[in-house]
Amino acid sequence: MLNLVLLGGKIAFLVILYWFVFLVIRSSTRELRVLSQGRAPAGMVGGVQRAAPVAEAARAPAAWALTVVESPHAQTGWAFVLPVGREALLGRSSEAELHLPDTFVSSRHARVRAELEGLVVEDLGSTNGTVVNGEEISLPTFVGSGDEVAVGDTVFRVEVR
């Protein structure tokens, strides 16, 4: 009887071990797929969703900023300024314009594009996702002044500059 229990335990251990290896491989292939594509398909950019209604500004902003609200890696209040018409890559990679040395951030985690109406935040298939105002996004999403964007352990507030 004891041999039967031990055999069942061995089989359960192997199933759990192989499941873990499968999850690790799936996660790494997702990162490689995003790196090989470079950009999201053109059809996704057309399907931009809005995070919240954006208030009409009296003047067109010259730039938008992602200001750190909380982070273990950046000082609170530090701002990453993005002029209208420019885009930036957020991630752990050295090629990212906004480098975040966080283990919960993918090498190419998200892309942010500044437009007159606000920022367009796009998750690039990251492992832990990108969160806008408390909800994980799957499509490019418009954010405006006062909205919050979380990437890994870092939370940014969107501001007009």
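Met 1, Leu 2, Leu 4, Val 5, Leu 6, Leu 7, Ile 11 and Val 15 make a nonpolar surface patch of about 890 Å². The structure described here is a predicted model.

Leu 4, one of the patch residues, lies in helix α1, which covers residues 2–37. Leu 4 counts as exposed because its relative accessibility is 58%, and the cut-off for exposed is over 50%.

**Nonpolar core**

The largest nonpolar core has 21 residues. Those with the most contacts inside this core are Leu 66, Leu 82, Leu 119, Val 143, Val 149, Phe 156 and Val 158. Seen by element, two or more residues each come from β2 (63–70), β3 (79–83), β4 (87–91), β6 (110–114), β7 (119–123), β11 (148–151) and β12 (154–160). Strand β2 gives the most, with 3 residues.

What does Leu 66 touch, leaving aside residues up to four places away in sequence? The contacts of Leu 66 are Trp 78, Ala 79, Phe 80, Leu 98, Val 112, Leu 119, Phe 156, Arg 157 and Val 158. Among them, Leu 119, Phe 156 and Val 158 are also listed with Leu 66 as core residues with the most contacts.

**Six-stranded sheet**

An open sheet of 6 strands runs in the order β3-β2-β12-β11-β8-β9, and its pairing is antiparallel. The edge strands, β3 and β9 (135–136), each pair on one side only.

Within this sheet, β8 (residues 130–132) pairs with β11 in the antiparallel sense over 3 bridges. At this pairing, Thr 130 stands opposite Val 151 of β11.

Is β4 largely enclosed or open to the outside? Of its 5 residues, 4 are buried, so β4 is largely enclosed by the rest of the structure. The cut-off for buried is under 20% relative accessible area.

Strand β4 pairs with β6 in the antiparallel sense over 4 bridges. In contrast, the pairing of β4 with β5 (residues 98–99) is parallel and has 2 bridges.

Leu 90 takes part in both pairings: Leu 90 stands opposite Ala 110 in β6, and its bridge partner in β5 is Leu 98. Leu 98 is also one of the residues touched by Leu 66.

How values were computed
Residues are numbered from 1 along each chain as its sequence is written. This is a predicted model: local features need pLDDT of at least 70, side-chain atom pairs count only at pLDDT 80 or more; totals for chains, interfaces and linings use all residues. Side-chain values use heavy atoms; hydrogens and water are left out. A nonpolar core is a set of buried Ala, Val, Leu, Ile, Met, Phe, Trp, Tyr and Cys residues joined through side-chain atoms within 4.5 Å. Buried means under 20% relative accessible area, exposed over 50%, partly exposed in between (1.4 Å probe, protein chains only). Contact means heavy atoms within 4.5 Å. Patches are made of residues with over 30% relative accessible area and no salt bridge: like charges are joined within 9 Å, nonpolar side chains (Val, Leu, Ile, Met, Phe, Trp, Tyr) within 5 Å. Accessible areas come from the Shrake-Rupley method with a 1.4 Å probe; for residues, only the protein chains shown count as cover. A salt bridge is a side-chain nitrogen of Lys or Arg within 4 Å of a carboxyl oxygen of Asp or Glu. Two strands pair if DSSP finds at least two bridges between them.
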